[in-house]
Amino acid sequence: MRPVHSLQFDEQEYSHVTKVMYRTLTPGMRKTRRVQVGTGGVTQLRTDKAKAELRADVRDIHVGGSVTLTCSVNPPSSGWTYFWYRGEKTSELLTTTQDVTVHSDGEISVSQEGVYWCRGGRGEPLYYTDYSDSVHIQKNVANKAVVTLQPNWSEIYRGETITLRCDIRNRGDTEWEYEWDTTSSEKPSNHNEFRIRSASKSHSGDYRCKGRMKSEQQSSTDWSDPIKLTVSDRWRFFWYKIVPKSSGNNWDYSSELLPGSSSGTEQDSYIVHGQTHTAGYKCKARRGHPVYYTYGSKSKFVWSAVS
């Protein structure tokens, strides 16, 4: 099929035309509209270049990931080759590199942030479409690793069960491997959870973790902020005086907190001053959050020689 001969004019009015210049345009390469101007019978042909359209599946690049860009020509037609640019339109053409993979059918994958453009070209000599509008691709800050403690108690006591967990924020569907670093003498295994079934002093220390993508071993998060784990033997002790109480002909005993013991004491001993009568005493302890209490001790009577 021979090319269609179309007339191309500058967009201005003429009172008369003595010579007509024209060029051959390949079908589909230009969109035309014919307009009759004035009474002199002069025909003006306005031409609009085909334009490339650029789309992105997402606009944010996660660590180790990429974004797919798709270029097409409007109005649609066949035979186009696509040209890609990053930064300015005058930049060098993008080709397959470490951070760019050029696919067929007008698609590329990019793993570097920046402003991207495309355009199409075909024919001999090569005819280019207009540039597409730009698409700005952003690279997210590295996925953040966070260490959490369950239960999230302010104090951990010897013998309690706790779990340290390494969480990767915005992890998506990516599979991760984990690495722990600690100042304690107990080294966690490379899993996202470290379960301590019976806490001891040896578990005290700072813990931090990071994640590494299984699919791309070179892509890992930064180390998380450390979390401090302190395993304590500390209890708070509550001291009671045994007070006899009568009910008819029967006698019973009740307990009264000793002075200074309402919030418990850190000391595991209590000195009673000025005792003049025989009296009974007992204690119990608490720790943790939520609060855990021991059973009360057996009563201990202190006998006085004063009658």
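Colleague: How many helices and strands does the protein chain have in this predicted model?

Modeller: The protein chain has 26 strands and zero helices. A strand here is a DSSP run of E with at least two residues.

Colleague: What makes β19 and β20 paired strands?

Modeller: Pairing asks for at least two bridges between two strands. Three bridges join β19 (residues 205-213) to β20, so the pair meets that cut-off. The two run antiparallel, and Tyr 207 stands opposite Ile 227 in β20.

Colleague: Nice. Why do β17 and β20 count as edges of their sheet?

Modeller: The open sheet has three strands in the order β17-β19-β20, with antiparallel pairing. β17 (176-182) and β20 (227-229) each have a single partner strand, so one side of each is left without a neighbour in the sheet. From one strand to the next, the twist averages 35°.

Colleague: And which strands are at the edges of the sheet of four?

Modeller: That open sheet has the order β5-β7-β10-β9, again with antiparallel pairing. Its edge strands are β5 (51-56) and β9 (100-102), each pairing on one side only. The twist there averages 20° from one strand to the next.

Colleague: How do you know that β7 and β10 pair?

Modeller: Four bridges join β7 (residues 67-74) to β10 (residues 107-110). At least two are required, so these strands pair. Thr 68 stands opposite Ser 109 in β10.

Colleague: What share of the residues is called buried, and why?

Modeller: Of the 307 residues in the protein chain, 31% count as buried, because their relative accessible area is under 20%.

Conventions: Residues numbered from 1 in each chain as written. Predicted model: local features only at pLDDT ≥ 70, side-chain atom pairs only at ≥ 80, totals over all residues. Heavy atoms only, no water. Axes fitted to C-alpha atoms, helices over the stretch in contact; angles between N-to-C directions. Buried < 20%, exposed > 50% of the residue type's maximum accessible area, 1.4 Å probe, protein only.
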